[in-house]
Amino acid sequence: MVSSTAALMVLMVTQVFFAGSSGLVPQVGRSSLSPDVLHAFELRLLSMFGLQHRPTPSTSAVVPQYMLDLYSAHSVNAEQVSRPRAHLGKGSERSASRANTIRSFHHDESTEDPSSSSVRTTQRFLFNLTSIPDEELVTSADVRVFREQIVSSLNNASAGFHRINVHEIIRPSGSLQEPITRLLDTRLVQHSLSKWESFDVTPAVLKWTTDGHPNHGILVEISHPDQDSRKHVRVSRSLHNNEDTWSQMRPLLVTYSHDGKGNVLHSREKRQARNNKQRKKHKANCRRHSLYVDFSDVGWNDWIVAPPGYHAFYCQGECPFPLADHLNSTTNAMVQTLVNSVNSNIPRACCVPTDLSPVSLLYLDEYERVILKNYQDMVVEGCGCR
């Protein structure tokens, strides 16, 4: 409750200081604030989000479509979108149901072996996972690779199959030795479909992040392929002519984790059902008031991908004697207000948040890695006298 109170105090102070403006830091207010005040304000907000520094992503930073789809599917504050989303699958839903943070990692292309790329049936991927905080417990992890439909010479979809195997590299290859690997997941795939394939690599990621074992990477193998199947699994930039699509089609490692600070990611329907709840409003008495946090007001729209802002709300109003039922008061608040009516040295009960809900953010961190995280106690759902 302390962290949520601090977060709401930052928002409340800003709201009151700028005379009830609908934005977080309106332009008329920003011009009157010193750079030191704005910097301190930004540092306080970054601390709330668990960041030590303000991310400054480059213009070439890529947000995987899969992360956008996860945000749309699992975030409480995501808007309905008209475009079709990628099918996330039941595995993604189960993984997200145990996590409050989802992180995505592209592999380090400099570690690829470009030799004989046209005939290689395996490819090593090294994912740098050192940015995962020690306090986060990884609950599951997947590697996603994209495969395109294979069309025969008759311009018909081929009816063949090939197998994709994903291994953990226990010991990397040397000049005179083959790598030692452990099979993590495998799938027999059809030539006639274009789709993303997801492979469970949780045991390897847990060894690297929890047990401290060295990370030698993942090995993806196309088993018994013909020429076409090797070319249509997007495992290397050098195998494909279309450079424009590689940024979105390159392999992706996704980790699902929990930092022990609040609930798991929610579905959008839970927030919608909650918002439909009707509440009585009394003009002067304690109630919820509008407060919209616009991330562009603090210049964060370059690294927060979604949402552009959110409705935080705040509590304000009187707690008069006698306290009515609709003021959602505790017995202690009623006694305090009763004593105040005969002894003004005892303050009245205060109008405070009594029900808070989370906000999900999709953002680029300091390393330009895309993260979907659920932040607790960010939205006031109800107010009362306490």
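Which residue in β6 stands opposite valine 143? Keep that question for the third stop of this tour, which runs through a predicted model.

**Whole chain**

Start with everything shown as a cartoon. The protein has 386 residues, and 45% of them count as buried. Its secondary structure comes to 10 helices and 15 strands. Among contacts with a separation of 6 or more, 72% are between residues 24 or more positions apart. Switch to a surface view: the protein exposes about 19,900 Å², and carbon and sulfur atoms supply 52% of that area.

**The seven-stranded sheet**

Next, colour the strands of the open sheet in the order β6-β3-β8-β1-β15-β14-β11. The pairing in this sheet is antiparallel. Select 195-200 for β6 and 304-306 for β11; these two strands stand at the edges. Each has a single partner strand, so one side of each is left without a neighbour in the sheet. On average, neighbouring strands here are turned by 30° against each other, direction ignored. Strands of a sheet pair through backbone hydrogen bonds, either parallel or antiparallel.

**The β3 and β6 pair**

Select residues 137-147, which form strand β3. Six bridges pair β3 with β6 in the antiparallel sense. Within this pair, the residue opposite valine 143 is phenylalanine 199 of β6.

**Helices on the sheet**

Show the side chains of Thr202, Ala204, Val205, Lys207 and Trp208, which are buried in α6. What covers the buried residues of α6? The cover includes β3, β4, β5, β6, β7 and β8.

**Strand β4 and its partners**

Three of those covering strands come next. Select 161-171 for β4 and 180-190 for β5; the two run antiparallel and are joined by 10 bridges. Aspartate 185 in β5 stands opposite valine 166, and in β7 the bridge partner of valine 166 is valine 220.

Most residues other than glycine have a negative phi, and most peptide bonds are trans. The last three stops depart from that pattern.

- Select alanine 306 and proline 307: a cis peptide bond joins them, with omega about -5°. Proline 307 is in the loop between β11 and β12 (309-311).
- Move to phenylalanine 313, in the loop between β12 and β13 (314-316). Phi of phenylalanine 313 is near 65°, a positive value in a residue other than glycine.
- End at glutamate 368, in the loop between β14 and β15. Glutamate 368 is not a glycine, yet has a positive phi of about 65°.

Is phenylalanine 313 buried or exposed? At 18% relative accessibility, phenylalanine 313 counts as buried, because the cut-off for buried is under 20%. Glutamate 368, at 32% relative accessibility, counts as partly exposed.

Conventions
Residues numbered from 1 in each chain as written. Predicted model: local features only at pLDDT ≥ 70, side-chain atom pairs only at ≥ 80, totals over all residues. Heavy atoms only, no water. Pairing = 2+ DSSP bridges. Helix = DSSP H or I, 4+ residues; strand = E, 2+ residues; numbered from the N terminus. Axes fitted to C-alpha atoms, helices over the stretch in contact; angles between N-to-C directions. Buried < 20%, exposed > 50% of the residue type's maximum accessible area, 1.4 Å probe, protein only. Contact = heavy atoms within 4.5 Å. Areas by Shrake-Rupley, 256 points an atom, 1.4 Å probe, with all protein chains shown as cover.
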